[in-house]
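Dear colleague,

Please find below the structure that I am handing over to you. My notes on it follow directly after.

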Amino acid sequence: MLSKTELRALSGVCDGADGVTALSDTLGLSVSQTYKVVGSLSEKGLARLDRGVVHIERLAHTAILLEILDGSPDSYIPLSDSGLEIVRALAEPRSVADVSRMTGLHQTTITRKIDLMMRMGMVRKERGSYSLNGALWPRLVDLSRSYDAHSVLTDPRMPFGSKAYHSSGDALVFSSNRELDCARTAFSRYGDFGMLVHPGTNYYTSQGGEPGIEEVFLHSLYVVERDGGWRGRMLALIFYVKHRRDLDGVRHPIVDEMRTVLSGGRVEGWAPLGEMEERARMYGVDLLNE
């Protein structure tokens, strides 16, 4: 998260106020306060101080963020504090409850930020879900994806050499070929719920305690969302049908796709229902009569 002052500092450096004295004048802060702001940006890996000159680190999401701030100077207000985390979550349509679950933020905080973003045209609402308004703010969509990728890859909770799928305030979902002292989740836990699969890697979560069936399923959707393979989609669909009574409360765009597929519709990236039926019978699931 970045404060309003930190965002203004990044913008000021980008505009040429890269000396501490010049930046303090831009921010209206004392030199000592400005050093603290620069120090905070340095700790977050966004800037560094070299002989009194502030340098912005060359990161993809930072470059996009600065482009947005330059094009709309007031945009630092909704993007500050929890704003970037909310933007990151709204790359896909989601409810306030979904965003809260992803980010760990309180729903009141999310609602307040979303209301502000909607007034600026950054976010739109449709059927109870919110998403970024790519028509008016195309670079905001780019920022969401780039920031998400950076946050996941650099999450300190993930052991070196692992692959991350989802990062939130509560937990990280990742995979590793090594045996780790972490709670297993996603496809690695399907067997505990009567559907033994061989994923070829180990899926873990950093949360405390073993995740329940809803979390296991949701974590497998995070894997499918990033990997995009047909096999993962098929296994998740079969698991969903097998435990539909327990999983109908899970909200995710891929679940919406599953419901379309189960009703006979065609969705890009999904095999026809009939082609998945034979595999589903192995787990005692009848997809065609679902």
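**Ser220 and its surroundings**

Apart from its neighbours within four places in sequence, Ser220 is in contact (heavy atoms within 4.5 Å) with Ala186, Phe187, Tyr190 and Ala236. This is a predicted model, in which local features need pLDDT of at least 70 and side-chain atom pairs count only at pLDDT 80 or more, while totals for chains, interfaces and linings use all residues. Residues are numbered from 1 along each chain as its sequence is written, and side-chain values use heavy atoms, with hydrogens and water left out.

Ser220 is found in helix H10; helices (H or I, at least four residues) and strands (E, at least two) are DSSP runs, numbered from the N terminus. Ser220 counts as buried because its relative accessibility is 0%; buried means under 20% relative accessible area, exposed over 50%, and partly exposed in between (1.4 Å probe, protein chains only). The side chains of Ser220 and Tyr190 are joined by a polar contact of 2.7 Å. Such a contact is a pair of N or O atoms within 3.5 Å; within protein, one must be able to donate a hydrogen and the other to accept it, and residues adjacent in sequence count only if both atoms are side-chain atoms. The side chain of Ser220 also reaches the backbone oxygen of Phe217, at 2.5 Å.

H10 lies across E5, E6 and strand E8 (202-205), running at about 120° to E5. Axes here are lines fitted to C-alpha atoms, for helices over the stretch in contact, and angles run from 0 to 180 degrees between N-to-C directions. The open sheet has 4 strands in the order E5-E6-E8-E7, with antiparallel pairing; two strands pair if DSSP finds at least two bridges between them. Strands E5 (163-167) and E7 (183-184) stand at the edges with a single partner strand each, so one side of each is left without a neighbour in the sheet. E5 is joined to strand E6 (residues 172-176) by 4 bridges, and Ala164 has Phe174 in E6 as its bridge partner.

In helix H13 (residues 253-262), the buried residues include Ile254, Met258 and Leu262. Helices H10 (213-227) and H11 (230-242) are among the elements that cover the buried residues of H13. Gly264, with a positive phi near 100°, follows H13.

Elsewhere, strands E1 (residues 47-50) and E2 (residues 53-56) run antiparallel and are joined by 4 bridges. Their hairpin has 2 residues between the strands, and Arg51 takes a positive phi near 55° there.

With kind regards
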